[in-house]
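Dear colleague,

Please find below the structure that I am handing over to you. My notes on what was found in it follow directly after.

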Amino acid sequence: MAEVVNMPRLSDTMEEGVVAKWLKQVGDQVEEGDILAEIETDKATMEFESFHEGTLLHIGIEEGDGAPVDSLLAIIGEEGEDIQDLIDGNSSDEANSEDNSQKDSENKDSNKKSESDSNNSTSSEIPEGVEVVTMPRLSDTMEEGTVATWLKQVGDEVEEGDILAEIETDKATMEFESFYSGHLLHIGIQEGESAPVDDVLAIIGPEGTDVDAVLNASKGSDNSSSQSSTEVKENKTSTQNKEGSKSSTESQSQDKSSSSTSTDGKGRILASPLAKKMAKDKGIDIALVDGTGENGRIVKKDIENYQPKETPQKETSTVKQDVSEENQTAANVEVYQPAGEEAFEEVKNSQMRKTIAKRLAESKFNAPHYYLTVEVNMEQAMASRKNINAMPDVKISFNDLVIKASAMALRKHPRVNSSWNGDVTKIAKHIHVGVAVAVDEGLVVPVIEYADQQSLMQIGTNVKALATKARNKKLQPQEMEGSTFTVSNLGMFGITEFTSIINQPNSCILSVGAIVEKPVVKDGEIKVGHTMKLTLACDHRTVDGATGAQFLQTLKTYLENPVTMLA
């Protein structure tokens, strides 16, 4: 009887897979354990082996195509077997899924309408002249905010345009001004607390207003929304129940297999090729491992998390009779047991810290990073900087030289000044250099616009001004947007070489190390020199190795011969 093979879940976060390559074609004989295809997941490209024997009768997903987990991948059965019903049944399931989605959408539209009507009715319960102020969306990516400081307190008179509070967003701490006049009747979010956008921040209105009644009226719309959401869930549950007992039985069998066993009906251990290899390399008996994958399949994380069960051992005497006197003396020595108290301190993550973590994780996991390092002779750069700074009212840093040289090198290698955008690569015609600045909450990246058109003195002045604003939490969101390339410098901390995570949507980020004094070979002789290491992190989707290397060669030429930047 023909067996349907669905798109497997090959990682814990996998939602869809792409068939990179089929290793079997329609009509080929398939043995249990044969590799059917190579499937690209959200983490890696993995081999997918067959758990069935027979002839490959149908391929449901062609090479290069993607599909959600559990979509029809292939059908294996006896040669000449009629499988049209299985194909049609799968198409029907997809159609039912789309129909259910459409019904859910209609239910949502209906619920939105009823929610709107409910909001209209509840809004009339709020007294005239009373305004409910909600957590504002102060940046395009802001999802929640933290009240850093209240500048008005309950009972204070508020005029339109007064600053109510300082609110910490995912990008900066910003002043939030009132659009209403009246008395501050209620504070909904205390200093240091966070809340999602549109939560009640404050209530402004005439003195003597019943605040509880206003809050209840405001919550009324939330309750109606929650009720509508419950109705939608009930509709979805009803639709899912109509699928019958088959899915229920399958689910139960999967639960059982995943919790205790990792074998199929023939007693064969179900494990991914990678899990088998890892178990072999680590000397783990794979039969002792519990699988948490689909149908109890043993996957990579099961091997990584495997802990051998402890087996009781027979008690042995402390000292054997044949132990020498020296060993007996060593055994009797008391082992020092340090005494102390284990303690931890929990520091609440700021909105900026949360957003930095999210953005960096997305960049590291989505963009294939690689790194190129070059060592630069900084003798000429040091001399040039000394001569420039000898002029009155002029002060530039080595970082300013790197920014200027990077901008000019980008003009010659525009592919580095690009970003990945799905089906296309966007190559920026303008050059905006982001400069990483460390602040208490983490790292922010103010942007030097049109850096290739600015002089060294202009770059130095702008970098100092933006860095000061960043450290004082006065940097505005628009001053951190639009970078096409980023420079990160830890040389002032004595770090000689490091790698950075790309600041998306940029394709590259340059890591700048410290200038170190070291022996160098010049004209066949060993002399004292000063060098600096630069490491370029590149997104391999947009910048190939040769392109990145050519960019670094040009950048090195500019820094080793600063006069060429004036040519």
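Does Ile59 count as buried or exposed, and at what relative accessibility? Ile59 counts as buried, because its relative accessibility is 11%; buried means under 20% relative accessible area and exposed over 50%, with partly exposed in between (1.4 Å probe, protein chains only).

Before going further, please note that this is a predicted model, in which local features need pLDDT of at least 70 and side-chain atom pairs count only at pLDDT 80 or more, while totals for chains, interfaces and linings use all residues. Residues are numbered from 1 along each chain as its sequence is written, and side-chain values use heavy atoms, with hydrogens and water left out.

Ile59 belongs to strand β6 (residues 54-59); helices (H or I, at least four residues) and strands (E, at least two) are DSSP runs, numbered from the N terminus. Not counting residues up to four places away in sequence, Ile59 touches Trp22, Lys24, Gln25, Val26 and Leu73, where contact means heavy atoms within 4.5 Å. Between Ile59 and Leu72 there are 8.3 Å in space, C-alpha to C-alpha, and the two are 13 residues apart in sequence.

Ser418 is found in strand β18 (residues 418-421). Its relative accessibility is 4%, so Ser418 counts as buried. A polar atom of the Ser418 side chain lies 2.6 Å from the backbone oxygen of Arg415. Beyond its neighbours within four places in sequence, Ser418 has contacts that include Thr425, Ile427, Pro505 and Val543.

Turning to helix α7 (residues 351-366), its buried residues are Gln351, Met352, Thr355, Ile356 and Ser363. They lie on the same side of α7, because they cover an arc of only 130° around the axis; the arc is that of the directions from the helix axis to the C-beta atoms. Among the elements that cover these buried residues are β10 (144-150), β12 (163-168) and β17 (369-377).

Finally, the largest nonpolar core has 52 residues, of which Phe485, Leu510, Leu534, Phe551, Leu555 and Leu559 touch the most other members. Such a core is a set of buried Ala, Val, Leu, Ile, Met, Phe, Trp, Tyr and Cys residues joined through side-chain atoms within 4.5 Å. Helix α9 (residues 398-412) gives the most to this core, with 8 residues. Apart from this core lies another, of 18 residues, including Val133, Leu164, Ala165 and Ile187.

Yours sincerely

Conventions
A polar contact is a pair of N or O atoms within 3.5 Å; within protein, one must be able to donate a hydrogen and the other to accept it, and residues adjacent in sequence count only if both atoms are side-chain atoms.
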